[in-house]
Amino acid sequence: MDIPSPCDTQQVYVDSDLVLKKLRSFPKGSAPGPSGTHASHLLHAIRINNQTPALDVLTDFNHLSAGLVPLEVQPFLSVAYLIGLSKKDGGIRPIAIGDVYRRLTGKCLFSSILSDANTYFLPSQCVCAVGGGEAVVHAWRQIMEEFASDPDFIGFKIDFVNAFNSVKRDVFLKECHQRFPQIFKWVHFCYSQHSYIFFGNHSIFSQAGVQQGDPLGPFLFCLVLQVLIDKLMEKVPDLVLNNWYMDDGSLFGKSDDVLRAWNIVKTEGPHLGLFF
């Protein structure tokens with residue numbers, strides 16, 4: 001992949017208060033991942049006699065986000081267990097369980113950029129905002145009521161196939177380097193080369209898309225999606241609604257404008273790894 005170097009970026013520092021807060025955010029009974037370490041194990045180590053050394057050691061995981069871990073370790077630290085759950089239609093839904101240390105680092109870094117992410121994505125994407133899904137529903141209801149009597153206005157819903165697994169890594173790495181350089185060292189570490197996924201006695205490489213279970217995964221996906229959204233805003237500025245909640249898109253406007261927007265999605269989406 002042709003991706004930027006992390007050498008020219010300065011990572012954000014994560015303090016111990018944030019580490020403890022995000023460690024407590026793991027659901028009770030959360031799976032440990034390949035290292036076998038549960039989040040509850042780490043919390044117990046911190047709580048014993050109110051000791052701080054365990055928390056200090058976890059906070060020192062800033063060297064992960066600083067990119068100070070050799071890349072040879074990456075395929076194993078970014079590893080995940082894969083399990084298959086049965087779907088009602090007879091298919092299989094794969095669930096990846098990443099390691100707790102990788103997930104904790106991602107949680108902390110996402111929290112540190114949440115405000116900047118909202119500033120960048122809103123109002124076209126609602127993924128980082130509280131109640132984002134509900135906001136899209138209310139927008140649809142309001143617009144349909146406002147233009148109910150105009151037959152030239154139409155609404156259009158878009159969904160991408162297997163989007164999180166197919167989105168192109170070189171695109172979100174470049175976008176992250178440009179827009180959010182303070183976390184790029186960690187993102188580069190996790191995605192600049194392939195990592196392992198273990199399924200029973202078998203192992204496969206994770207080579208495309210964002211990794212399931214990565215707290216930064218939805219954010220990285222939305223970085224790619226924003227490239228497409230910006231193109232729609234540039235080429236079809238008169239759309240009444242151009243709003244997305246992850247891979248679910250909502251377009252509303254005059255029929256000619258919506259058709260132009262749809263043609264852009266069909267043409268430009270595959271270059272980003274987005275297939276309708």
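**Close-up views of a predicted model**

T59 is buried, its relative accessible area being 7% (buried means under 20% relative accessible area, exposed over 50%, and partly exposed in between, with a 1.4 Å probe and protein chains only). All views show a predicted model, in which local features need pLDDT of at least 70 and side-chain atom pairs count only at pLDDT 80 or more, while totals for chains, interfaces and linings use all residues. Residues are numbered from 1 along each chain as its sequence is written, and side-chain values use heavy atoms, with hydrogens and water left out.

**View 1. T59 and its contact with L55.** T59 has its place in helix α3 (helices, H or I with at least four residues, and strands, E with at least two, are DSSP runs numbered from the N terminus). A polar atom of the T59 side chain lies 2.8 Å from the backbone oxygen of L55. For a polar contact, two N or O atoms must be within 3.5 Å; within protein, one must be able to donate a hydrogen and the other to accept it, and residues adjacent in sequence count only if both atoms are side-chain atoms.

View 2. Rolling a probe the size of a water molecule over the atoms shows where empty space is left. A search of the whole structure turns up one cavity of 30 Å³ or more, and the largest cavity has a volume of about 110 Å³. Helix α6 supplies the largest share, five residues. By type, the lining of the largest cavity divides into eight nonpolar, four polar and no charged residues. Here Ala, Val, Leu, Ile, Met, Phe, Trp, Tyr, Cys and Pro count as nonpolar, Asp, Glu, Lys and Arg as charged, and the others, Gly among them, as polar. On a 1 Å grid over the protein atoms alone, a cavity is a set of points where a 1.4 Å probe fits but cannot get out, whereas a pocket is an open set with protein on both sides within 12 Å along at least five of seven lines; lining residues have an atom within 4 Å of a point. Grid points are joined across faces, edges and corners, and a volume is the space filled by probe spheres set on the points.

**View 3. The largest pocket.** This pocket holds about 590 Å³ of space. It is lined by 29 residues, of which P94, N162, N165, V210 and Q212 are the closest to its centre. Two or more lining residues come from each of β1, β2 (92-98), α8 (163-166), β4, β5 and α11. Strand β2 gives the largest share, five residues. The lining of the largest pocket divides into 14 nonpolar, ten polar and five charged residues.

View 4. Two strands pair if DSSP finds at least two bridges between them. β1 and β2 are antiparallel and share seven bridges, with A80 opposite G98 in β2. Their hairpin has five residues between the strands, and G90 in the turn has a positive phi of about 95 degrees. Strands β1 (residues 80-86) and β4 (residues 195-199) run parallel and are joined by two bridges; Y81 has F198 in β4 as its bridge partner. Five bridges join β4 to β5 in the antiparallel sense, and F199 stands opposite H202 in β5. The β4 and β5 hairpin has two residues between the strands, and G200 takes a positive phi near 60 degrees.

**View 5. The salt bridge of R102 and D214.** Side chains of opposite charge can pair when their charged atoms come close. The structure holds four salt bridges (a side-chain nitrogen of Lys or Arg within 4 Å of a carboxyl oxygen of Asp or Glu). In this one, R102 and D214 meet at 3.3 Å, N to O. R102 belongs to helix α6 (residues 100-121) and D214 to the loop between β5 (202-206) and α11 (217-235), so the pair ties together parts that are 112 residues apart in sequence. Both residues, R102 and D214, are buried.

**View 6. Two further salt bridges, R179 with E175 and E268 with K231.** The closest N and O atoms of R179 and E175 are 3.5 Å apart. R179 and E175 are separated by about one helical turn because they are four residues apart in helix α9 (residues 169-179). R179 counts as partly exposed at 36% relative accessibility, whereas E175 counts as buried at 13%. E268 and K231 meet at 3.5 Å, N to O. This pair links distant parts of the chain, with E268 in helix α12 (residues 255-268) and K231 in helix α11, 37 residues apart. E268 is partly exposed at a relative accessible area of 26%, and K231 is partly exposed at 30%.
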